[in-house]
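Hello,

Here is the structure I promised to pass on. Please open it alongside these notes.

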Amino acid sequence: MYIELHAASAFSFLDGASLPEALVERAAALGYPALALLDRDGVYGAPRFHKAALAAGIKPLIGAELTIEAGQQASRPAGQQGTTFSLPVLCASQEGWRNLCRLLSKMKLRAPKGEGALAIHELDGFTTGLVAMPGRPLLRAERFGVGGLLDRIVGTFGRGNTFVELQRHLQRDQEDDNAALVCLAEAFRVPLVATGGVGFATPEERPLFDVLTSIR
C-alpha cells in the first residue's frame with residue numbers, strides 16, 4: 001500500500017494549492033491509511049490537518065520542508081542571495097515534534113516573514129525523533145562534493161533516520177537524477193523512499209497550482 005509522505009497544503013504559500021482538509025479527503029477516497037503533511041518552513045496547517053485526518057480515519061503524519069543554507073551562515077545581509085536547499089523531515093515522536101518546532105522557531109525569530117534558513121550545523125542536537133528525506137539537492141556538489149551532503153545528513157540524523165527521496169514526474173532530467181540518487185543511496189547504505197511531492201489534491205486544482213507557481 002502506497003502512503004504519500006510528502007504533501008504540501010495551501011499553508012506552503014505559493015507552493016501548495018489545496019487546504020489540508022482537501023488533501024485528507026482525497027487520501028481517504030484513495031484508501032490511504034495515513035498521510036504526511038510537510039509544509040514549507042512551518043506547521044501552520046498541522047492542527048487542521050490533524051483534526052481532519054482523525055475524522056476521516058487516517059493516521060496524520062506531520063513534518064516540514066526545512067530551508068537549509070548551504071554555506072556556514074544562515075543569516076545574510078539584506079539583499080544578498082545565498083545557496084539554499086530544501087530538506088524534508090518527518091516527526092517520528094513527540095520529541096521529534098518538539099525539535100522541529102525549536103528549529104522552526106530559531107529560523108523565524110531572526111528573519112522577516114517568508115524568509116529565513118537554517119545553517120546545516122544548526123541541526124546538530126535537534127534531530128532526535130526526526131526522519132530526514134533528502135532528495136535531488138544531494139546531487140549538488142558546489143560546496144559538499146558528490147556524496148558529501150548525504151554523508152553530513154547521515155551523520156546528523158543517523159543512518160536509521162535517513163531515507164533518500166525519489167519522485168517521478170515524467171521529466172527526463174529527473175529520471176537521470178533518480179538513477180544517480182539510487183547509486184548514491186547504495187554507496188552510503190541508505191534506504192530509498194518514494195514520494196509524490198503533492199501540491200494539490202485533485203486534477204481540477206492544477207490550474208490554480210500553475211497560477212501560484214507563476215506568481216512564485
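First, the surface. Phe13, Leu14, Tyr44, Leu208, Val211 and Ile215 make a nonpolar surface patch of about 570 Å². Keep in mind that this is a predicted model.

Leu208 sits in helix 6, which covers residues 206-215. Its relative accessible area is 43%.

Next, a helix pair. Helix 1 spans residues 20-29 and helix 2 spans residues 46-56. Their axes come within 8 Å and cross at roughly 25°. Angles under 35 degrees count as roughly parallel, so helix 1 and helix 2 are roughly parallel to each other. The crossing of helix 1 and helix 2 is right-handed.

Then two buried residues.

Ser12 lies in the segment before helix 1. Its relative accessibility is 2%. Buried means under 20%, so Ser12 counts as buried. Between Ser12 and Leu103 there are 17 Å in space, C-alpha to C-alpha, and the two are 91 residues apart in sequence.

Glu122 is in the loop between strand 4 (118-119) and strand 5 (130-132). Glu122 has a relative accessible area of 13%, so the same cut-off of under 20% makes it buried. Glu122 and Gly57 are 65 residues apart along the chain, and their C-alpha atoms are separated by 36 Å.

Best regards

Terms used. Residues numbered from 1 in each chain as written. Predicted model: local features only at pLDDT ≥ 70, side-chain atom pairs only at ≥ 80, totals over all residues. Heavy atoms only, no water. Patch = residues over 30% accessible without salt bridge, like charges linked within 9 Å, V, L, I, M, F, W, Y side chains within 5 Å. Areas by Shrake-Rupley, 256 points an atom, 1.4 Å probe, with all protein chains shown as cover. Salt bridge = Lys/Arg side-chain N within 4 Å of Asp/Glu carboxyl O. Helix = DSSP H or I, 4+ residues; strand = E, 2+ residues; numbered from the N terminus. Buried < 20%, exposed > 50% of the residue type's maximum accessible area, 1.4 Å probe, protein only. Axes fitted to C-alpha atoms, helices over the stretch in contact; angles between N-to-C directions. Parallel < 35°, antiparallel > 145°, perpendicular 65-115°, else oblique. Left-handed = near helix turned anticlockwise from the far one by under 90°.
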